[in-house]
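The sequence and the model are shown first.

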Amino acid sequence: MPVLVYTENAEGKFKKSTFETVSYARAIADQNKTTLKAISIGNVSAGDLALLGKYGAKKVLNVSTAKLKNFVNQAYASVIAEAAKKVGADIVVLSNSFSGRGLAPRIGVKLEAGVADGVVALPEQSGDKFIIKKTAFSGKAFALVELTSANKVISLIPNSYKVVETAAAGTVEDFEPEIKASDLTSVIKEIVRSTDKVSLPDADIVVSGGRGLKGPENWGMIEELADLLGAALACSKPVSDSGWRPHSEHVGQTGIAVSPNLYIAIGISGAIQHLAGVSSSKVIVVINKDAEAPFFKVADYGIVGDAFDIVPKLIAAIKEYKASA
């Protein structure tokens with residue numbers, strides 16, 4: 001049986017996390033000596049759809065209808081489940097993005113499948129055993145779970161698997177699923193982006209500030225550092241609660257969970273609620289003048305010093321490097 005991967009897009013363009021998910025799904029297909037099929041929902045160009053073949057999708061089912069131009073959780077879940085039945089897939093893979101976290105359980109119900117969300121590694125398969133590693137307790141631990149159902153749904157945490165290109169090419173086939181009126185009782189009419197900056201959940205690099213910056217008037221250097229690195233901006237809960245930064249930048253247990261390749265924490269002590277949202281980061285760099293700050297215990301690299309002294313020097317060094325490159 002083939003593996004099916006849902007290829008999420010943003011305004012008709014695939015994100016890096018989509019190619020990671022396709023690469024991951026292709027690896028599972030290889031484990032099972034089968035092929036990978038993909039499903040795309042929305043107005044994606046033919047050229048972008050063909051790109052999916054480069055990452056391992058043998059065939060792409062393209063669903064392009066005005067009814068599903070914007071994301072509708074219940075309708076998308078129905079379409080993905082119908083696609084899985086059409087191609088005979090017993091494993092469905094998607095990104096553990098904001099929309100993916102809502103889709104996975106719905107698809108699981110429709111396919112009577114076991115669901116593993118927040119997955120960070122390929123499954124271990126031996127005989128009838130299917131064991132997979134996922135995050136647990138708001139990212140503070142990992143769990144090995146066994147899926148015993150015939151059908152399985154897996155959602156992969158962004159930045160937890162590398163993008164792998166292949167020499168293969170894929171084909172694109174139009175797919176016209178049944179769209180039930182009951183799935184469209186609540187729809188999104190319009191999406192208004194508040195900024196054209198890097199999206200926080202999908203960012204490779206995140207620069208985050210805390211109360212150690214003393215006030216919103218000091219955020220200029222954080223924004224400059226983020227711009228130089230092509231990073232997304234984030235903050236701790238006390239910062240957003242104080243109105244220094246918008247709540248959309250709050251990362252932590254009660255905010256956005258991130259898993260970038262590099263997380264730079266500036267003036268953040270590292271309360272357990274904040275660590276719960278960033279612990280999946282590949283590399284954590286902490287800048288804090290308090291040598292006893294809890295964040296240093298989980299940091300890969302730490303700088304003990306005043307952020308108002310360290311960050312300008314870091315900005316200057318990056319500018320010098322870019323000028324000489």
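Leaving aside its neighbours within four places in sequence, with which residues is Ala 136 in contact? The residues are Ala 141, Phe 142 and Ala 143, where contact means heavy atoms within 4.5 Å.

## Basis of the model

The model is predicted: local features need pLDDT of at least 70, side-chain atom pairs count only at pLDDT 80 or more, and totals for chains, interfaces and linings use all residues. Residues are numbered from 1 along each chain as its sequence is written, and side-chain values use heavy atoms, with hydrogens and water left out.

Ala 136 belongs to strand S9 (residues 129-136); helices (H or I, at least four residues) and strands (E, at least two) are DSSP runs, numbered from the N terminus. Its relative accessibility is 16%, so Ala 136 counts as buried. The classes are buried under 20% relative accessible area, exposed over 50% and partly exposed in between, with a 1.4 Å probe and protein chains only.

Asn 151 is located in the loop between strand S10 (141-146) and S11, and at 22% relative accessibility it counts as partly exposed. Its C-alpha atom is separated by 8.1 Å from that of Val 92, 59 residues apart along the chain. Leaving aside neighbours within four places in sequence, the contacts of Asn 151 are Ala 89, Asp 90, Leu 111, Ala 113 and Gly 114.

## Overall dimensions

The protein chain contains eight helices and 17 strands. For 325 residues, a compact globule would have a radius of gyration near 20 Å, and the 21 Å of the protein chain agrees with this. That radius is taken over C-alpha atoms, and the globule rule is 2.2 Å times the number of residues to the power 0.38. Along the principal axes, the C-alpha atoms fill a box of roughly 60 × 45 × 45 Å.

Of the 325 residues, 49% are buried. Among contacts with a separation of 6 or more, 66% are between residues 24 or more positions apart.

## Positive phi values

Lys 33 sits in the loop between helix H1 (16-31) and strand S4 (36-41), and its 78% relative accessibility makes it exposed. Asn 159 is in the loop between strand S11 (152-156) and strand S12 (171-174), and at 5% relative accessibility it counts as buried.

## Helix H5

Helix H5 (residues 220-229) has as its buried residues Met 221, Ile 222, Leu 225, Ala 226 and Leu 228. Viewed down the axis of H5, these fall within an arc of 160 degrees, so they line one face of the helix; the arc is that of the directions from the helix axis to the C-beta atoms. The cover over these buried residues includes strand S13 (205-209), strand S14 (232-235), strand S15 (262-266) and helix H8 (307-324). Gly 230 follows H5 and has a positive phi, near 65 degrees.

## Second largest pocket

The second largest pocket holds about 250 Å³ of space. Of its 18 lining residues, Ser 236, Lys 237, Pro 238, Ser 269 and Ala 271 are the closest to its centre. On a 1 Å grid over the protein atoms alone, a pocket is an open set of points where a 1.4 Å probe fits, with protein on both sides within 12 Å along at least five of seven lines, and lining residues have an atom within 4 Å of a point. Grid points are joined across faces, edges and corners, and a volume is the space filled by probe spheres set on the points.

Helix H6 (237-241) and helix H7 (272-278) each supply at least two residues of this lining.
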